[in-house]
Amino acid sequence: MEPSNFFICCILLALGVVGAQESHERYNHLFVFGDSYADTGNLNKGLANSWRIPYGMTFPGKPSGRFSDGRVLTDFIAKFLGLKSPIAHAQMKSGANKLRYGLNFAYGGSGVFDTVANVLPNMTTQIDFFQKLINDSIYTALDLHSSVVLVSLAGNDYASFLANGGTNQGLQSFIPSVVNQLSINLKRIQKMGATKVIVTALQPLGCLPRITQSSSFKECNATQNLAVNYHNLLLQQTVAKLNNETNSSTFFILDLYNSFTTVIEQKGDPKGKLKFETPLKPCCMGISREYSCGSADEKGAKLYTLCSDPKSAFFWDSSHPTQAGWKAVYTILKSSLAQLF
């Protein structure tokens, strides 16, 4: 399969860790920016499959705007910090009393640049939303100083680039542009007062079900993962430079590439508590390529298939892990998070 087909993997079909009990009391808030790996309900209901059945069937028991059957990365990070998961920015008015846990600005399908149809707030705009709340004294720089910031970037910029006529050759020069813009965003977050910023490495996009479907969900596309490795190399260099420039350890990379790969190769978490016999096959998928998880016809009849138990699947849909999948990933990440905090 051509890399271009792969990268379109991350395009917005989106629009179509619970872990440790440790309490880290000095961190009072979690602020989140990014995309569908972190979104807990910002994306408009008219745009997203994440508001349709069977999304949310495991948690909270109904669709909640999360791109999974249950909890996503944000929820696991919040649990690790001893915090309740921050509410979505779009739901602020209905949950004003919950702002003390932080706020989630992530929108499924978004990137550091504008993606599809320019209808989604890119990361710069998401940070603008946060800046307005600081300007309005909803939060203060002191709040940020005692907070953790999670920044998720899962590849939508590359999908949009190729979907809009970009070439694979052009992609090589576009990847540094994406990482550079991410660096600008990270610097801005730090200048606002953040002292702990977790940024995700790009997951192995060549292993997403949308791509592995062509091999009957048996193998990842190594060629496509080479481009991911280039992104992650530049990200490592960027974070090292940012920390060096500020003589701090503000920025920390959450290695989704290694953790996803480990779970896929071992068909479960290292402790053996979670097992995924066919880790590349999603639990929920459209009955054909024209449809996706959550699709239904005019009469409401479902146009997707669903596995018998989401806990037995690593991937929920064509791009996103199940709650069990995220838990397995978190199990691997937990030791590095413990060192960070």
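Contact here means heavy atoms within 4.5 Å, and helices (H or I, at least four residues) are DSSP runs numbered from the N terminus. This is a predicted model, in which local features need pLDDT of at least 70, side-chain atom pairs count only at pLDDT 80 or more, and totals for chains, interfaces and linings use all residues. Residues are numbered from 1 along each chain as its sequence is written, and side-chain values use heavy atoms, with hydrogens and water left out.

**View 1. Helix H2 (residues 73-80) packs with H10 at an angle of about 40 degrees.**
Their axes, lines fitted to C-alpha atoms over the stretch in contact, with angles running from 0 to 180 degrees between N-to-C directions, are 10 Å apart. H2 and H10 are therefore oblique to each other; oblique is what remains once angles under 35 degrees (roughly parallel), over 145 (roughly antiparallel) and 65 to 115 (roughly perpendicular) are set aside. Look for Leu-73, Phe-76, Ile-77 and Phe-80 of H2, which meet H10 residues including Trp-326, Tyr-330 and Leu-337. The contact divides into eight nonpolar, one polar and two charged residues (Ala, Val, Leu, Ile, Met, Phe, Trp, Tyr, Cys and Pro count as nonpolar, Asp, Glu, Lys and Arg as charged, and the others, Gly among them, as polar).

**View 2. Helix H9 (residues 256-266) crosses helix H10 (residues 323-340) at roughly 120 degrees.**
Here the axes come within 9 Å, and H9 and H10 are therefore oblique to each other.

**View 3. Helix H6 (residues 168-191) bends by about 30 degrees at Phe-174.**
The bend is the angle between axes fitted to the seven residues ending at a residue and the seven starting there. From its first C-alpha to its last, the 24-residue H6 reaches 35 Å, close to the 34 Å expected at 1.5 Å a residue (1.5 Å times one less than the number of residues). Just after H6, Gly-193 takes a positive phi of about 125 degrees.

**View 4. H6 and helix H8 (residues 222-245) pack at an angle of about 30 degrees.**
Their axes lie 10 Å apart. Among the contact residues are Ile-175, Pro-176 and Leu-182 of H6, together with Tyr-230, Leu-234 and Glu-245 of H8. Eleven nonpolar, four polar and two charged residues make up this contact.

Key. Helix = DSSP H or I, 4+ residues; strand = E, 2+ residues; numbered from the N terminus.
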